[in-house]
Amino acid sequence: MSRDGHSISRRQISENALKVLYRLNKSGYKAYLVGGGVRDILLGIEPKDFDVATNATPDDIKKLFRNCRLVGRRFRLAHIVFGRDVIEVATFRGHHSESNDKVSKSNAEGRLLRDNVYGEIDEDAERRDFTINALYYDISDYSIRSYGGGINDLNARKIKLIGDPDTRYREDPVRMLRAVRFATKLDMQIDAVTADPIKALAPLLGDIPAARMYEEVLKLFFAGKAEANYHMMQDFGLFAPLFPQVNALIEESPKGHTAKMLQTVMRNTDLRVSEDKTVTPAFFFAAILWYPVKQRADDIAIESGLTHYDAYVAAMGDVLEKQCLTISLPRRFSTPARDIWQLQLRLERGQGTRAFKLLEHPKFRAAYDLLLLRGEVEAGNTAKIADWWQAFVEADETDRSDIAKSIKGSNTRNRNAPQRKRRRKPAAKPAEE
């Protein structure tokens with residue numbers, strides 16, 4: 001498609017991306033803006049990233065740019081760093097021929113473990129995931145090269161996988177999540193042939209490194225489409241491999257507290273994104289994993305006889321350990337999540353004069369927000385506790401003192417917590433005469 005046939009202008013491309021494209025081109029290499037950057041501009045969406053594809057090898061790129069660092073094992077990439085802005089540059093990928101573990105490697109299921117096979121632009125296009133991403137903006141003449149009917153699918157608002165879906169999903173199961181994310185983000189439909197194998201192949205997500213899955217979860221749930229992505233993932237069976245403990249409780253009780261909490265958290269996360277408010281993985285994971293923690297704590301208390309608090313502490317460790325097998329939650333978020341959980345226990349028992357001290361805790365606000373969600377989900381006594389805290393938090397200093405004094409004693413016991421039976425002390429033996 002020539003320059004006259006499309007709406008992309010260089011004014012819509014970041015200055016740093018243009019610098020990379022022009023330097024590659026002037027150095028004798030082919031250089032294209034590729035994928036989402038081209039797609040989004042054509043759709044009238046402001047791109048978040050500008051990626052570049054070239055026939056220059058990673059080593060060639062590093063020689064051209066002093067601000068370049070090479071990253072990636074599965075596929076070698078060049079990152080050109082301009083302060084906080086990073087332009088990702090990929091060498092054209094080629095087809096796999098004879099197996100050479102140094103450049104190309106797959107596992108028994110067909111998942112690509114190493115993919116450093118270089119080729120030409122036509123081969124690179126065939127290696128891309130969806131047709132709407134096989135779009136190349138040529139900096140040499142400002143034309144667009146579309147492969148696999150990408151422009152037509154963009155206009156028809158269809159998500160189509162390039163190649164055989166079964167094979168392509170096995171190469172990289174994360175493509176199933178990307179299909180869902182693009183469908184909701186771009187308001188498109190997943191083509192029937194592309195959608196057909198997803199349910200059967202969804203368990204393959206369990207083989208993806210947990211660190212990589214964490215990055216995918218951020219894209220799915222923190223970009224304003226959490227609720228839509230959650231429902232589509234459930235429809236395709238993609239949620240269970242990521243959150244097995246949460247999904248087990250939802251299957252056990254489809255209309256229970258866990259299911260209601262997930263729906264509420266997803267909707268509230270989208271609302272915060274739309275209002276440009278911060279969203280944090282610490283709160284998100286603390287909220288959706290609260291009921292797995294609660295169930296595990298109840299089980300531990302019954303099995304071991306530990307105190308209510310100690311059972312919860314043990315449960316927190318167990319639940320986080322299991323969750324990190326599928327999604328690696330960094331410690332900078334898992335530690336605050338523990339604080340939020342521990343504060344639930346203190347908020348349940350801390351009405352009255354203790355409330356002033358709890359108000360000063362660094363994670364009070366996040367714990368308070370979770371308590372409000374729990375009140376909405378659970379109703380009953382939890383809702384009463386949440387209402388008391390809401391009145392206390394929203395009151396001025398004078399009214400807070402009156403609200404705190406209205407509670408007789410600050411040792412309010414949580415009726416929802418399992419009660420341990422007190423051991424009777426043995427009767428004292430009579431003194432010998």
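This is a predicted model: local features need pLDDT of at least 70, side-chain atom pairs count only at pLDDT 80 or more; totals for chains, interfaces and linings use all residues.
Which residues of helix 1 are buried? They are N16, A17, L18, V20, L21 and L24. These buried residues pack against several elements, namely strand 1 (31-34), strand 2 (51-54), helix 3 (58-64), strand 4 (77-82) and strand 5 (85-91). Just past the end of helix 1, G28 adopts a positive phi of about 95°.

Now let's look at a pair of helices. Two packed helices are described by the angle between their axes and the distance between the axes. The axes of helix 19 and helix 20 come within 8 Å and cross at roughly 140°. Angles over 145 degrees would count as roughly antiparallel, so helix 19 is oblique to helix 20. Their crossing is left-handed. The table shows who takes part in the contact.

| Helix | Residue range | Residues in the contact |
|---|---|---|
| Helix 19 | residues 364-378 | F364, R365, Y368, L371, L372, R374, G375 and E378 |
| Helix 20 | residues 380-394 | G380, T382, A383, I385, A386, W389, Q390, V393 and E394 |

By type, the residues of this contact between helix 19 and helix 20 divide into nine nonpolar, four polar and four charged.

Finally, step back to the whole protein chain. It has 21 helices and eleven strands, and 49% of its 433 residues count as buried. Among the contacts in the protein chain with a separation of 6 or more, 68% come from residues 24 or more positions apart.

Definitions and conventions
Residues are numbered from 1 along each chain as its sequence is written. Side-chain values use heavy atoms; hydrogens and water are left out. Buried means under 20% relative accessible area, exposed over 50%, partly exposed in between (1.4 Å probe, protein chains only). Helices (H or I, at least four residues) and strands (E, at least two) are DSSP runs, numbered from the N terminus. Contact means heavy atoms within 4.5 Å. Axes are lines fitted to C-alpha atoms, for helices over the stretch in contact, and angles run from 0 to 180 degrees between N-to-C directions. Angles under 35 degrees count as roughly parallel, over 145 as roughly antiparallel, 65 to 115 as roughly perpendicular and the rest as oblique. A crossing is left-handed if the near helix is turned anticlockwise from the far one by less than a right angle, and right-handed if clockwise. Ala, Val, Leu, Ile, Met, Phe, Trp, Tyr, Cys and Pro count as nonpolar, Asp, Glu, Lys and Arg as charged, and the others, Gly among them, as polar.
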